[in-house]
Amino acid sequence: MSKPSAAIGGAHPLFYPLLLVACAIVLLPVFWMLSTALKDETELFRDPLLLWPEKPTLAAFRSVFEDYPFAAYIRNSLVVVVCATAISLTFSTLAGYGLSRFRFGGRGAFLAFLLLSQMFPSVMLIIPYFKILKSAGLLDSRLGLIVTYVSFTIPFCTWMMYGYFRSIPVELDEAAAIDGCGSVRTFFTVILPLALPGMVATAVYAFITGWNEYLFALILTNSEEQKTLPVGIGQLIGQYRIEWNELMAASIYSTIPLMVFFLFLQRYLISSLTAGAVKS
Amino acid sequence: MATARLDRIGKVYENGFRAVDGLSLDLADGEFLVLVGPSGCGKSTALRMIAGLEDISEGELFVGDRQINDLAPRDRDVAMVFQNYALYPQMTVRQNVGFPLKIRGQRPHERERQVQRAASILELMEQLGKKPGQLSGGQRQRVAMGRAIVRKPSLFLMDEPLSNLDAKLRVQMRADIAGIQKDLGVTTFYVTHDQIEAMTMGHRVAVIKDGVLQQVAPPEELYARPDNVFVAAFIGSPSMNLCEGTLYRATAGGWRIALGDQSLAVPDTVIDTRPALAARVDQPLVVGFRPEHLEDAALAPDDLLDQRLSVTVAVREALGAETLVHFPIDASPVDSGDPDALDALGGRESSRCTGRFAASTRARVGDRIEVTLDTSQLHFFDRQTHLAI
């Protein structure tokens with residue numbers, strides 16, 4: 001990557017100011033979310049609207065937990081999404097490796113199928129999923145949601161890992177084979193460590209997909225103990241009124257795990273991991 | 001340390017394409033055999049079959065007395081150096097070189113000893129703690145070699161290991177590899193498309209074209225007595241000059257060769273040492289002569305008076321130690337079958353020829369000059385079969 005200042009003479013004078021403006025535009029909704037969450041009810045609808053509350057209060061942050069089973073929502077989301085991500089990641093990594101290294105009958109059709117299955121609008125699948133989970137006795141359960149989310153993310157995760165494994169040279173497998181490794185040892189000792197950046201990207205995708213999923217969680221759960229975070233937050237949009245400050249506080253809560261997850265994993269997203277393996 | 005034997009090895013793909021056809025080779029213990037040929041001739045496929053990375057469609061492969069067709073690569077006791085190095089990027093040089101030993105369960109202490117030994121042979125002592133991404137091309141190649149030699153295998157297999165290095169480094173590594181192989185005495189298969197590597201490094205050289213073995217012999221013999229037109233043209237740089245010619249008896253006695261509209265005397269010894277040639281008088285043949293047997297007549301005005309060609313210089317390349325001069329002659333050209341060879345200079349009616357003149361030559365582009373050709377060094381081939389006569 002070359003910096004803009006790498007060009008002759010230094011960065012364009014408007015570059016950083018424009019960047020600041022772009023950041024401000026992107027961060028404005030986040031800022032507004034925070035400022036709304038800190039307002040009490042009297043300040044929410046003040047005319048003219050306040051950019052920042054005169055009397056910031058954490059009351060909304062507390063009442064979210066007191067008035068609703070918010071801890072249960074968080075727990076359910078975490079359990080469901082972490083499990084779904086782990087399962088998706090495991091199988092898509094193994095499948096991606098197999099698809100990239102071996103030739104077998106039906107391989108092309110399978111790859112095409114993975115992509116084509118993504119074309120279905122998910123709304124079409126609600127009723128079939130409902131019926132299937134019902135007959136399996138998995139309605140209103142975390143396990144049911146895990147199975148559902150895995151079915152959403154595995155196809156694309158497999159494609160991602162397939163693409164990533166293709167960028168790892170086959171000569172490494174061959175060198176490992178000659179050095180004495182069988183297929184399993186080659187995979188775990190030589191190839192898998194190189195696939196970590198791809199796995200991280202795939203895990204992030206699967207996590208975000210599951211974490212934000214609203215429609216299926218809404219339809220497939222109905223008891224408060226089983227609802228996930230998006231559904232719980234959605235309930236704050238009541239029939240007659242909306243508790244804006246609680247809504248914003250709840251939203252902030254729900255983004256924290258995502259940020260932690262991403263911050264923790266971003267150091268594994270090193271694209272230069274395979275530098276020096278083969279002559280490029 | 002082992003002998004190796006390929007017995008009519010072949011590789012056929014599903015669509016019927018034969019990459020390797022009936023390849024038979026016998027390697028003595030400690031021999032360095034070079035497999036050479038143009039791109040796509042099947043030499044890498046043959047090497048990969050020996051390694052176990054490709055299935056053998058036909059024939060049998062022996063290492064020592066064991067037939068190893070169906071053995072997995074790790075059970076064959078071979079070590080391979082890849083064209084693209086194939087180093088494990090997440091491991092240090094020490095770990096890369098020691099990896100085969102680690103897989104085989106050797107203790108860390110003993111492993112380290114072997115790694116140190118390999119590193120000192122290959123001058124990698126300073127690099128042991130680094131990762132491949134921090135090394136230069138030549139260093140990476142040496143690490144790849146270190147990983148191969150550390151195991152003391154029965155066979156070394158090398159797949160064009162020098163082709164990704166720059167020219168000067170290649171010259172040095174050629175000598176290094178040959179020296180290491182001699183010291184360790186491991187039987188080696190070496191694949192390359194570079195005939196200079198083949199000539200300088202191998203005990204014997206096997207020339208391959210379209211999956212078929214053309215000739216296997218020590219380098220000097222390949223050079224002096226090629227079995228067919230392809231080998232004659234492929235070995236030697238610049239290539240042997242090839243064109244059509246006809247041998248005939250001069251009215252005054254003695255033999256002459258007609259190359260296009262020019263005629264040169266041929267010493268009797270040439271016919272005497274090639275009995276089959278006498279039966280081919282007055283028939284068109286493929287005639288070959290090496291560039292070093294041509295010289296600017298102006299530099300040796302009294303030599304080879306009846307063995308002269310009259311030509312117009314087309315291209316002149318001054319190399320410092322000698323000068324290469326290219327000129328067309330009016331004889332029909334011959335296609336040697338090398339897919340990488342350049343088209344004939346001057347179209348389809350004349351043959352492109354190259355001469356290695358002494359650097360003192362005054363010939364310039366466009367000059368009409370006389371060129372001496374030492375006809376005692378001519379090669380003759382059948383026009384149809386391209387086999388040597």
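## A walk through chains B and A

Start by selecting strand E16 (residues 308–312) and strand E20 (residues 368–373) of chain B: the two pair in the antiparallel sense over five bridges. What you have open is a predicted model, so read every position on this tour as a prediction.

Stay on the pair and show side chains. Which residue of E20(B) is the bridge partner of Val311(B)? Pick Ile369(B) and you have it. Now look at the two faces of E16(B). Leu309(B) and Val311(B) make up the covered face, while Arg308(B), Ser310(B) and Thr312(B) sit on the uncovered one.

Next, zoom out to the whole of chain B. Colour by burial and 44% of the 389 residues come up as buried. If you draw the contacts with a separation of 6 or more, 70% of them join residues 24 or more positions apart.

Centre on Gln134(B), which you'll find in the loop between helix H3 (108–121) and H4 of chain B. Why does Gln134(B) count as partly exposed? Because it has 14 C-beta neighbours inside 10 Å, and the partly exposed class falls between 12 or fewer for exposed and 20 or more for buried.

Now bring chain A into view and select the residues where the chains touch: 26 from chain B are in contact with 20 from chain A. On the chain B side, strand E6 (78–81), helix H2 (93–103) and helix H4 (137–149) are the elements giving two or more residues. Colour that side by class and you get 17 nonpolar, five polar and four charged residues.

Show the side chains in the contact: H9(A) brings Val200(A), Ala203(A), Val204(A), Phe207(A), Ile208(A) and Trp211(A), and H12(A) brings Leu258(A), Phe261(A), Phe262(A) and Leu265(A). Colour this contact by class too, and you'll see 10 nonpolar residues, with no polar and no charged ones.

How values were computed:
Residues are numbered from 1 along each chain as its sequence is written. Chains are lettered from A and ligands numbered from 1 in the order in which they are written. This is a predicted model: local features need pLDDT of at least 70, side-chain atom pairs count only at pLDDT 80 or more; totals for chains, interfaces and linings use all residues. Two residues are in contact if their C-beta atoms, placed from the backbone, lie within 7 Å. Helices (H or I, at least four residues) and strands (E, at least two) are DSSP runs, numbered from the N terminus. Ala, Val, Leu, Ile, Met, Phe, Trp, Tyr, Cys and Pro count as nonpolar, Asp, Glu, Lys and Arg as charged, and the others, Gly among them, as polar. Two strands pair if DSSP finds at least two bridges between them.
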